[in-house]
Amino acid sequence: MNRSSLVLKIDSLALLLLPLLFYACGNSSTDQNDHLVFRYNEHANITSLDPAFAKDQRNIWACNQLYNSLIQLDDQLNTQPDIAKSWQVSKDAKTYTFVLRDDVFFHESEIFGKQKTRKVKAKDVVYSLRRLTDTKIASPGSWVMQQVKNISAKNDSVVVIELNQAFPAFLGLLSMKYTSIVPVEMENSDFRENPIGTGPFHFKRWEANEKLVFRKNDLYFEKDKNGNQLPYLEAVAITFLPDKQSEFLQFAQGKIDFLSGLDPSYKDELLNAKGELQANYEERIQMLRAPYLNTEYLGIYLDHPSSEIKSKKIRQAINYGFDRNTMITYLRNGIGTPASGGFVPKGLPGFSDTSYYEYNPRKAKKLIEDYKIETGNQNPKISISTNASYLDLCEYIQRELQKVGLQVEIDVMPPSTLRQQRSAGKLASFRASWIADYPDAENYLSLFYSENFSPQGPNYTHFSSKKYDSLYEQSLNLGELNQRIPLYQEMDSLIMTNAAVVPLYYDEVIRFTQNNVNGLGINPINLLDLKRVKKVKN
């Protein structure tokens, strides 16, 4: 259908939005209604709009526009109602009873017949959560339901979830995009062509490797504090430029509204060494930054045959042997907090401000000399495996450790190979990061629980301690966060004093937007929430 025939078939209200529709299909970004469209680029592409596969940021961001879960997190990571308006937890913390809102409708679709939509019912919640453990679907989020014994619908508006054992972080798990609610009718539908949720935007079109477009959901149930219906935007347009330099150029030219993270290809162009915007960008763009629940670290495989890496002295020497402040200033343009503390990141309850390993090259050298005397090995050597994105950090550590008498080899490999070999226990040490799946320190500390040894679990270091395991198991039985925090900090101390890892820095969320974007906000899990975003008309 050409544009002239389309005009004849739409009413006067739709006529006002025609330029927006024209834009959403890939036309001029200088359109008069461009302020109603939020545009960003996803350089890694998007692999699925099925929330059961919302494993990484690219899919999570897209799914967050289309779906809601039982609960949601605010920007301070507090649990808030979403599709569930209220809930109760039994005294033994094993049974959760959720009462659903009665004003949540699915996106309009032919799968609902003549009515085009219907209200969310308890059966949809049961279906959505159970499909995570369906072997035919093979969701990477199946672990979210690991503690769940049974899910049942008491009636159309009440859902009961029973756990095998108490798990204090369970509510946080239910805020993940894996647990998004979809209609039971989706069992026979394709999420690639017709994803149906309840979110602030609904699916419009997906042109492979070109553009993904969402439109405003006029049935959306949430309102702002003044009673205005959300969202404010009319559309979201996502492009798929694979190159980050090209993405930055599009942003600098005002062709996309938002840029996330700090890539080496443009970090010096945007920021000075203090982490401040360069003067020529101060009036053109806005920068948001906040603690990110992400610990960047060197992991050490304690079961590796290498005698050097088995030595606690060598592991401690690595921790003492390089200046994290210098690394952040010159290699990260001031973005991030040097990790002289534990493994639990800054910004998460359980974080300890205890300083375990301040830069101390003299102490590092002494530890290495002691190791030489004890073992007779006069030329100790370690290997650090990394991918190309973090080569500069590893080379800096290499230079600094060689100054104190420890030779370092760097093995650069593709990210997929690094993950596979790390899980298989083939790497003596490796650069890694752990981003919170849910806002509880247990998520980080589970990496050192002995029953989670890789490859079956995420304990890639094979750290093992009976005392640690006992503290971890105790924490699972404590419902109050204030009771768990001392145990969390004691566990963190055990990890650090044994030098099972080398924390590098606690990351920061950093976002850049055009100066006409308001209401984007920022949060410690770097979730992209567009329902309250407004763009001022230029």
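Start by selecting helix H7, residues 244–252 (helices are DSSP runs of H or I with at least four residues, strands are E runs of at least two, and both are numbered from the N terminus). Color Glu-247, Phe-248 and Phe-251, which are buried here (buried is under 20% relative accessible area, exposed is over 50%, and partly exposed is in between, with a 1.4 Å probe and protein chains only). Why do they sit on the same side of H7? Because they cover an arc of only 100° around the axis, taking the directions from the helix axis to the C-beta atoms.

A word on the model: it is predicted, so local features need pLDDT of at least 70 and side-chain atom pairs count only at pLDDT 80 or more, while totals for chains, interfaces and linings use all residues. Numbering runs from 1 along each chain as its sequence is written, and side-chain values use heavy atoms, with hydrogens and water left out.

Now show what covers those buried residues: the cover includes strands S1 (37–41), S11 (258–260), S12 (285–300) and S17 (501–514), plus helix H8 (267–270). Contact here means heavy atoms within 4.5 Å. Zoom to the start of H7, where a side-chain oxygen of Asp-243 comes to within 3.1 Å of the backbone nitrogen of Gln-245 (a polar contact is a pair of N or O atoms within 3.5 Å; within protein, one must be able to donate a hydrogen and the other to accept it, and residues adjacent in sequence count only if both atoms are side-chain atoms). Following H7 is Gly-254, with a positive phi near 80°.

Next, pick Ile-256, in the loop between H7 and S11. Buried or exposed? Ile-256 is buried, at 4% relative accessible area. Leaving out residues up to four places away in sequence, Ile-256 touches several others, including Arg-39, Tyr-40, Glu-247, Phe-251 and Gln-514.

Move on to Ile-161 and Phe-214, the residues with the most contacts inside the largest nonpolar core, which has 133 residues (such a core is a set of buried Ala, Val, Leu, Ile, Met, Phe, Trp, Tyr and Cys residues joined through side-chain atoms within 4.5 Å). Helix H17 (481–497) gives the most to this core, with six residues. Apart from it lies another core of 14 residues, and you have already met Phe-251 and Ile-256, which are among them.

Time for some backbone geometry. Most residues other than glycine have a negative phi, and most peptide bonds are trans. Select Leu-230 and Pro-231: a cis peptide bond joins them, with omega about -5°. Pro-231 is in the loop between S9 (211–216) and S10 (235–239). Another cis bond links Ser-454 to Pro-455, with omega about 10°, and Pro-455 is in the loop between H15 (442–445) and H16 (466–476).

Then try two asparagines. Asn-209 has a positive phi of about 65° and is exposed, at 54% relative accessible area. Asn-526 has a positive phi of about 55° but is buried, at 6%.

Last stop: select Tyr-297, Phe-430, Leu-447 and Val-501, which are among the residues lining the largest cavity. That cavity holds about 40 Å³ of space (on a 1 Å grid over the protein atoms alone, a cavity is a set of points where a 1.4 Å probe fits but cannot get out, and lining residues have an atom within 4 Å of a point; grid points are joined across faces, edges and corners, and the volume is the space filled by probe spheres set on the points).

Notes:
On a 1 Å grid over the protein atoms alone, a cavity is a set of points where a 1.4 Å probe fits but cannot get out, and a pocket is an open set with protein on both sides within 12 Å along at least five of seven lines; lining residues have an atom within 4 Å of a point.
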